[in-house]
Amino acid sequence: MRHGAELAERIAERRAGTGDPRALLGELRRALVLVPVDRRGLWTGHFGGVRWVFAFTGEEALARFAQARAREPGRSQDSARPWEFAELLGARLLDEIIPAMGEPAGIAVDVADPDGSMFFPPAMGIVPEEAAVDAPGRLVGGTDATHGTDATHETDKTAGGAA
């Protein structure tokens, strides 16, 4: 297991047009990421028909997210309040939590960092076949999953994923 700094480096390489996408995915699977939580579960948001789990490579990236939320109308309290988070292994998010959501879901890493964010969509090779929107036999734009989880809740549905 690794902390998120290595993941942030692989994301920077990929965004620069270098680096191997498989190495990036492998780094996500090995990384411990921070996921904001509250009494309702993990923080998520909807965008483009996908539920995105917000994950951060470190406390600094999570703090930038809190500050970005505080700049939104009616949310100034978000930067002053303490933020609770779970430290989760990327592989657990991909292999257990995403499939349990019962709808197309992916991971949005460091969403408050326009030049450092990365989205891992619910696609074959990223999430298990039963959670992938492009799995054989899957309806286009739909999901055949019938189970859900109370491990997540939705934040505001805003563009860019940062709710």
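**Where the two helices meet**

Glu-6, Leu-7, Arg-10, Ile-11 and Arg-14 in helix H1 are in contact with Pro-21, Leu-24, Glu-27 and Leu-28 in helix H2, where contact means heavy atoms within 4.5 Å and helices are DSSP runs (H or I, at least four residues) numbered from the N terminus. By class, this contact has five nonpolar residues, no polar ones and four charged ones, with Ala, Val, Leu, Ile, Met, Phe, Trp, Tyr, Cys and Pro counted as nonpolar, Asp, Glu, Lys and Arg as charged, and the others, Gly among them, as polar.

**Basis of the model**

This is a predicted model, in which local features need pLDDT of at least 70 and side-chain atom pairs count only at pLDDT 80 or more, while totals for chains, interfaces and linings use all residues. Residues are numbered from 1 along each chain as its sequence is written, and side-chain values use heavy atoms, with hydrogens and water left out.

The mean pLDDT (the predictor's confidence in each residue, from 0 to 100) of the protein chain is 82, and 77% of its residues reach 70 or more. Over residues 141–163, pLDDT stays under 50.

**Packing geometry**

H1 spans residues 4–15 and H2 residues 21–30, and the two pack at an angle of about 160° with their axes 9 Å apart, the axes being lines fitted to C-alpha atoms over the stretch in contact and the angles running from 0 to 180 degrees between N-to-C directions. H1 and H2 are therefore roughly antiparallel to each other, a term for angles over 145 degrees.

Definitions and conventions: Angles under 35 degrees count as roughly parallel, over 145 as roughly antiparallel, 65 to 115 as roughly perpendicular and the rest as oblique.
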